[in-house]
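Hi,

Here is the structure I promised to pass on. Have a look at it first, and then read on for what turned up.

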Amino acid sequence: MAVSVFTQMVFSRVEVTLLASGWTSNSGAYKQKILLSSILGDSNESVKSWPIYSGNADTDSAIRDACAAITYAKTEAGSVTFVCLDEAPEVDIPVIVEVSR
């Protein structure tokens with residue numbers, strides 16, 4: 001039995017903020033593009049993101065609710081675009097974006 005091992009190394013990890021005022025609507029979806037030169041957009045790349053919580057219960061609850069509005073994220077060379085299909089978040093969302101290859 002052959003076993004394939006696929007190892008990725010973290011290339012970059014950056015903190016960005018998805019601004020409540022930064023969502024644009026096109027064809028019913030809300031989108032926000034973040035420019036990151038570390039994203040090549042190739043198939044050997046993995047891009048992950050997660051929210052940065054503050055430790056304040058009210059603030060963190062609002063961030064959690066805002067994150068629930070994000071349906072998916074897609075990458076292309078030089079950027080990651082977060083997409084909300086139903087509604088745009090109404091609070092800023094601080095996130096970490098990690099790129100692995």
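This is a predicted model: local features need pLDDT of at least 70, side-chain atom pairs count only at pLDDT 80 or more; totals for chains, interfaces and linings use all residues.

Glu76 is partly exposed, at 42% relative accessibility. The partner of Glu76 is Lys33: the two form a salt bridge, with 2.9 Å between the closest N and O atoms. Since Lys33 sits in strand β3 and Glu76 in strand β5, the pair ties together parts that are 43 residues apart in sequence. Lys33 is also partly exposed, with 47% relative accessibility.

One joins the side chains of Arg101 and Glu45, at 3.1 Å from N to O. Arg101 belongs to the segment after β7 and Glu45 to the loop between β3 and β4, so this pair ties together parts that are 56 residues apart in sequence. Arg101 is partly exposed at 25% relative accessibility, whereas Glu45 is buried, with a relative accessible area of 13%. Another salt bridge links Asp65 with Arg64, the closest N and O atoms being 3.3 Å apart. Asp65 comes out as partly exposed at 48%, and Arg64 counts as partly exposed at 47%.

Strand β3 (residues 29–35) runs antiparallel to β6, and six bridges join them. Strand β5 (residues 72–76) pairs with β6 as well, in the antiparallel sense and over five bridges. Val80 in β6 makes a handy landmark here: Ile34 stands opposite Val80, and Thr75 stands opposite Val80 too. The hairpin of β5 and β6 has two residues between the strands, and Gly78 takes a positive phi near 90° in that hairpin.

How much of β6 is covered? Six of its six residues are buried. Ser79, Thr81 and Val83 point one way from the strand, while Val80, Phe82 and Cys84 point the other way, and all are buried.

Over in β5 there is Ala73, which is partly exposed with a relative accessible area of 40%. Apart from neighbours within four places in sequence, Ala73 is in contact with Val80, Thr81 and Phe82. Ala73 and Lys33 are 40 residues apart along the chain, and their C-alpha atoms are separated by 9.4 Å.

Now the inside. The largest nonpolar core has 17 residues, and the members that touch the most others are Leu18, Ile34, Leu36, Ile70, Phe82 and Ile93. At least two residues of this core come from each of β1 (10–18), α1 (57–68), β6 (79–84) and β7 (93–100). Which element gives the largest share? That is β7, with four residues. As background, nonpolar side chains tend to be buried together in soluble globular proteins.

Leaving out neighbours within four places in sequence, its contacts include Leu18, Trp23, Tyr30, Ile34, Ile70, Tyr72 and Val97. Lys31, Gln32, Ser49 and Ala73 are also among the contacts of Phe82.

Next, the sheet that contains β7. Three strands make up this open sheet, in the order β1-β7-β4, with antiparallel pairing. β1 and β4 (46–51) stand at the edges with a single partner strand each, so one side of each has no neighbour in the sheet. On average, neighbouring strands here are turned by 20° against each other, direction ignored. The pairing of β1 and β7 runs over eight bridges, and Val16 stands opposite Val95 in β7. The helix α1 lies across β4 and β7, at about 55° to β7.

Finally, the cysteines. How many disulfides are there? The count comes to zero. The sulfur of Cys67 is 9.5 Å from the closest cysteine sulfur, in Cys84, which is too far for a bond. Cys84 itself is buried, with a relative accessible area of 0%.

If you open the model, I would start with Phe82, one of the core residues that touch the most other members, and then go to the Lys33 and Glu76 salt bridge.

Cheers

Technical notes. Residues are numbered from 1 along each chain as its sequence is written. Side-chain values use heavy atoms; hydrogens and water are left out. A nonpolar core is a set of buried Ala, Val, Leu, Ile, Met, Phe, Trp, Tyr and Cys residues joined through side-chain atoms within 4.5 Å. Buried means under 20% relative accessible area, exposed over 50%, partly exposed in between (1.4 Å probe, protein chains only). Contact means heavy atoms within 4.5 Å. Two strands pair if DSSP finds at least two bridges between them. Axes are lines fitted to C-alpha atoms, for helices over the stretch in contact, and angles run from 0 to 180 degrees between N-to-C directions. A disulfide is a pair of cysteine sulfur atoms within 2.5 Å. A salt bridge is a side-chain nitrogen of Lys or Arg within 4 Å of a carboxyl oxygen of Asp or Glu.
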